Amino acid sequence: ACMLCRRAEADPDICGHKLEKQGLCLHEFCLFFANNLHQHRVKELGLLGFLPEDIRRTVDWAAQKDCFVCGESGAAITCQEMSCERSFHLPCAVEGGCVTQFFFQYRAFCWEHRPEQAVEVAPEANTTCLICLEPVGDKKSYGILACPACKHAWLHRGCIQGQAVREGIACFRCPLCRDKDAFPSEMLTVGIRIPFRLPSRDSRADEALLARHSHCDASGCLCPGGRQQADEEGPWELLLCSSCAAEGTHRRCSSLSSSAGSWECDSC
């Protein structure tokens, strides 16, 4: 088991790979998020640049801290809010509504002090996650995230985390409006881990599939610029079928209002 989170099995999307060396066993991101544990520039030292003596000292210190989520000792991560003393294990973060930011200083926040999305709208009734197509509910919550660019894409936190790991930073974008600027930045802020690597083979196949269906398939396309025109918003914004992604339509060509967040083709 990991010497910090005490888990033999943990979600690799959150905790990363398990590392074993010099009698030590730890998840890579349990190391990065642990309080007062500093990485040296020479990554060949110890585990990813963390010295064995520093790791053991941190493990001993964490043994005195109980996780506010599961109640067990070994909680090496403490909320960044100065006045907050809540500590937790990395695998317990999602269950406890915590946010762990996988960039720069690897900061972590408890449920009370975590950063929240600025999106003011709530999901409409019967709105489904664009990835798993299951309902997301009718109100904002920790487990539901929205695209800050189009404000129509609603996604389960777990679903978008899986997509981020498959796509990597090079291809990660909103599955609805395809924004790749505001969307990744906000997802990092609210605790989604986006690996800094090329996308997986499956993700590249998905990208190719979407690229083949980037035009309006309405029987009578009304767009003056033709079926290939795809604006970011307005009547000529192109929506892909939320079920198959194999057909698309301009909003005006299918009489869709500006607030409609999704559309399904006749086949689906």
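In this predicted model, the C-alpha centres of domain 2 and domain 3 are 21 Å apart; domain bounds come from an automatic or database domain assignment. That assignment gives domain 1 (12-109), domain 2 (116-199) and domain 3 (213-267). Residues are numbered from 1 along each chain as its sequence is written. Because the model is predicted, local features need pLDDT of at least 70 and side-chain atom pairs count only at pLDDT 80 or more, while totals for chains, interfaces and linings use all residues.

Between domain 2 and domain 3, about 580 Å² is buried, with carbon and sulfur atoms giving 53%; buried area is the accessible area (1.4 Å probe) that two parts lose on being put together, summed over both. On the side of domain 2, Leu 133, His 152 and Leu 176 lose the most area to domain 3, together 66% of what that side buries. This side of domain 2 comprises three nonpolar, one polar and one charged residues.

The interface of domain 2 and domain 3 has zero salt bridges (a side-chain nitrogen of Lys or Arg within 4 Å of a carboxyl oxygen of Asp or Glu).

On a 1 Å grid over the protein atoms alone, a cavity is a set of points where a 1.4 Å probe fits but cannot get out, and lining residues have an atom within 4 Å of a point. The largest cavity contains about 40 Å³ of space, and its lining includes Leu 4, Cys 30 and Phe 88.

Terms used. Side-chain values use heavy atoms; hydrogens and water are left out. On a 1 Å grid over the protein atoms alone, a cavity is a set of points where a 1.4 Å probe fits but cannot get out, and a pocket is an open set with protein on both sides within 12 Å along at least five of seven lines; lining residues have an atom within 4 Å of a point. Grid points are joined across faces, edges and corners, and a volume is the space filled by probe spheres set on the points. Ala, Val, Leu, Ile, Met, Phe, Trp, Tyr, Cys and Pro count as nonpolar, Asp, Glu, Lys and Arg as charged, and the others, Gly among them, as polar.
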